[in-house]
Every structure is written in C-alpha cells, then in structure tokens.
Amino acid sequence: MTTDARTGLRRFFDRLTATDSELDAEDLQREVAKCGAMPAGQCMRGQVVSVNGRLRTVAYTPRTNLPTLEADLWDGSDVVTLVFLGRRSIAGIEPGRQLTARGRIAIRDDRKVIYNPYYELEAPR
C-alpha cells in the first residue's frame, strides 16, 4: 500500500470517528485558510489582524457609562472577542453568523479581544 493511500485511509477513519464539533472546527479552519485570514490561535497581542469565523455568542453588557456589545468569534482554533463600544445591538451581528473582522489584538482577562473592529458579514448559508 502506498503512503498516499494510507494517508487517505487514515484521514477517512479520523473523520469517521471525529465528533461534530471537531468536524466543524476543521471546516472553519479550511474557510480561514481560503479567505487568507490569520488563524485566531496564532494572533499575538498588538498585531493588526484579519480574522474570519463564526459568531458563537453575542451579548449586550450594560456598563455604568458606556453600553457594550460583545461577540465571540470562533474560527476552529481559538476565540477572539469582538467588543463594540457604545452599541446595544448591530444589525446582522447574531450567533451563527459568519464574518471577517479586522483590528488590533488586545488581551483582556487572558482573552484575545478586538475593540471596535472593522467587519464584513458574509452571506448566510
């Protein structure tokens, strides 16, 4: 048996035994590679990056002086929290939506954050 055949067979069995979340993560990572975005797992503090993924959660967080909308963007490798200062809601920013966000990575409470990112919503599938 050739190496390519073993690799293909191994990949088949890996996909057969993988969980739904593992398969979803693989699909998202392929999408990230296709669109040329940086994987969230490789983003470092201070970098200006373009990340692509799916919104997992969107939450309005009332603060004393400044309302904040926070959305967790997951790309299969890690989560980046998008923080929109001064907003209670944004049309199209909802869980399950695919988007590309651009901005500078910051670290807050050991989590990767982009404040007021530029973003592009992708067409729903």
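**View 1. D78 and its contacts in the predicted model.** Leaving aside neighbours within four places in sequence, D78 is in contact (heavy atoms within 4.5 Å) with A40, G41, L73 and K112. D78 counts as partly exposed because its relative accessibility is 29%; buried means under 20% relative accessible area, exposed over 50% and partly exposed in between, with a 1.4 Å probe and protein chains only.

A word on conventions: residues are numbered from 1 along each chain as its sequence is written, and side-chain values use heavy atoms, with hydrogens and water left out. Since you are looking at a predicted model, local features need pLDDT of at least 70 and side-chain atom pairs count only at pLDDT 80 or more, while totals for chains, interfaces and linings use all residues.

**View 2. K112 and its polar partners.** Here we move to K112 in strand 5 (residues 111–115). With 15% relative accessibility, K112 counts as buried. Its side chain makes a polar contact of 3.1 Å with the side chain of D78; such a contact is a pair of N or O atoms within 3.5 Å, and within protein one must be able to donate a hydrogen and the other to accept it, while residues adjacent in sequence count only if both atoms are side-chain atoms. The K112 side chain also reaches the backbone oxygen of C43, at 3.3 Å. Not counting residues up to four places away in sequence, K112 touches a set of residues including Q42, V79, T81, I105 and I107.

**View 3. The largest nonpolar core.** This core has 17 residues, and V51, L55, L82, I93, L99 and I114 have the most contacts inside it. A nonpolar core is a set of buried Ala, Val, Leu, Ile, Met, Phe, Trp, Tyr and Cys residues joined through side-chain atoms within 4.5 Å. At least two of its residues come from each of strand 1 (48–61), strand 2 (68–74), strand 3 (79–85) and strand 4 (98–108). Looking at I93, its contacts beyond four places in sequence are L55, V58, L69, A71, L99, Y119 and L121.

**View 4. The setting of the close-ups.** The chain has 2 helices and 6 strands, in the order α-α-β-β-β-β-β-β along the sequence. Of its 125 residues, 33% count as buried.

Methods: Helices (H or I, at least four residues) and strands (E, at least two) are DSSP runs, numbered from the N terminus.
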